[in-house]
Amino acid sequence: MMLDFTYDPKGDALQRLLSRSMADDQAVKETVCKVLAKVKTEGDTALFDFARQFDHVELSALRVTQEEIAEAKRLVDPRLKKAICQAADNITAFHKAELPQAEYLEPMEGIELSRKIVPISSVGLYVPGGTAPLFSTVLMLSLPAKVAGCRSVTLCTPPGKDGTIHPALLFAADLGGVTNIYKCGGAQAIAAMAYGTQTIAPVEKIFGPGNRFVTTAKMLVSETVAIDMPAGPSEVMVIADPTSDPAFVASDFLSQAEHGKDSQSMLVVIGDEKEATAYMQKIERALEKQLSQLPRHEYLLPSLAHSHALAVPSLERCAQVVNAYAPEHLVINLSEPEKLADLVENAGSIFLGPWSCESAGDYASGTNHTLPTRGWARSYSGVSTDSFLKKITIQKLSKAGLEHLSDTIVTMAEGEMLSAHANAVQVRLGKEKK
């Protein structure tokens, strides 16, 4: 079989199956620390050096010019432009619907409470390069920033060996209202947006997925600048039963595996052992057929090598497995997917039913595809409009309001032995200690 298959694993056996593919993170961290330090001390010079070293390109400038953007818009195929614009419309509509409303409350007479919602003024967006031009990620990051009203939006992405950025990526960035675009990739781009260089101004929050080096860089600079989440290699968990179309299941399984060698796909089949084993044979045939018709085997095959299939006897047991793994993408290919979705607590994004392919969320349905990976869905949400906003609480008390609350405040302050806090109330009400 192409995939290892286990029926109802428990304990350590289940933990091994649900573990992510982990490389030598210490070696990665040491490399990234050197990159961050060099960018912090040498600025643009370091970025040009790293472009030669990692991207194998000699750059004369980091900033993408308006002339380059105009030329890119001319080069993008009209059919692709139309698709990008359709996706942008849906993403914009959904993220506008996510805009929060400011609250107002009077819990007691003379006390007014509210929240002020303001955009983060400057944000940095990282879009990976290398194996594919991820213009969809440009949309997923820039459009929520635009909806939120961020004043300055910086985008960093690695250039090709000819020193250019893919035209569709620049078209999407222009459509998303990106303020500044730079030819800069990898951990060095994260450093530039965190610390600033002679050309690239520092930002207040960094967004975007990336490889282990980029993710490690984001974690390391998070003491200096906010980040959206740890977003590493892509992953998907597909839920099926013996009635699910094997071709549909195989297609979702492969869609994330093609992202990179360190991507991971997981299949969970609900059914008894005999049914699940027979169904897995159908999945194997579907995978083999689709693999024979797909490119990017250099990424698909290594990814499949550390992907797994397992079966469980019940919906409740399946929910336990899902919540333990906390997948970035959860595809529930069942006839009544809501029953399982109701039990799910840990997932980046959920796709319900046989027609909700993972690709829809990746590109054009309107939800965001920048999601927590490696189990971070236990505590992080995916990127949303909310990610680009700050909420500032406001309180306004009248004299009567302070009087109503004074005994409570003074008693609590004295209980914590913080007399100056109590004094701030007593001075106002003429009850300060002499």
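1. **Ground rules.** This is a predicted model, where local features need pLDDT of at least 70, side-chain atom pairs count only at pLDDT 80 or more, and totals for chains, interfaces and linings use all residues. Residues are numbered from 1 along each chain as its sequence is written, and side-chain values use heavy atoms, with hydrogens and water left out.

2. **Overall build.** The protein chain has 17 helices and 14 strands. Both are DSSP runs numbered from the N terminus: helices (H or I) have at least four residues, strands (E) at least two. The C-alpha trace spans about 85 × 60 × 45 Å along its principal axes.

3. Of the 434 residues in the protein chain, 49% are buried. Buried means under 20% relative accessible area, exposed means over 50%, and partly exposed lies in between (1.4 Å probe, protein chains only). The chain exposes about 20700 Å², and carbon and sulfur atoms supply 53% of that area. Accessible areas come from the Shrake-Rupley method with a 1.4 Å probe; for residues, only the protein chains shown count as cover.

4. **Contacts along the chain.** Take the contacts with a separation of 6 or more: 74% of them are between residues 24 or more positions apart. A contact means heavy atoms within 4.5 Å.

5. **Charges.** The protein chain carries 42 positive and 52 negative charges, and their mean positions are 5 Å apart. Lys and Arg count as positive, Asp and Glu as negative; His and the chain ends are not counted. Each charge is placed at NZ of Lys, CZ of Arg, CG of Asp or CD of Glu.

6. Side chains of opposite charge can pair when their charged atoms come close. The structure holds 16 salt bridges. Each is a side-chain nitrogen of Lys or Arg within 4 Å of a carboxyl oxygen of Asp or Glu. One of them joins glutamate 235 and arginine 20, at 2.7 Å from N to O. The partners are 215 residues apart: glutamate 235 sits in strand E9 (residues 235–240), arginine 20 in the loop between helix H1 (11–18) and helix H2 (25–42). Glutamate 235 counts as buried because its relative accessibility is 2%. Arginine 20 has 13%, so arginine 20 counts as buried too.

7. **Two further pairs.** In the salt bridge of glutamate 58 with arginine 52, the closest N and O atoms are 2.7 Å apart. Glutamate 58 is exposed, at 57% relative accessibility, and arginine 52 is partly exposed, at 35%. Glutamate 336 pairs with lysine 339 in another salt bridge, with 3.1 Å between the closest N and O atoms. Both are partly exposed: glutamate 336 at 46%, lysine 339 at 47%. Elsewhere, shared partners join Lys38, Glu42, Asp49, Arg52 and Glu58 into one salt-bridge network.

8. **A nonpolar patch.** Met219, Trp376 and Tyr380 make a nonpolar surface patch of about 260 Å². Patches use residues with over 30% relative accessible area and no salt bridge; like charges are joined within 9 Å, nonpolar side chains (Val, Leu, Ile, Met, Phe, Trp, Tyr) within 5 Å. Tryptophan 376 lies in the loop between helix H15 (358–363) and strand E14 (389–397). At 34%, tryptophan 376 is partly exposed.

9. **Glutamate 103.** Where does glutamate 103 lie? Glutamate 103 is in the loop between helix H5 (78–97) and strand E2 (104–108). Its relative accessibility is 37%, so glutamate 103 counts as partly exposed. Leaving aside neighbours within four places in sequence, glutamate 103 contacts Leu113, Ser114 and Arg115. Serine 114 is 11 residues away in sequence, and the two C-alpha atoms are 5.2 Å apart.
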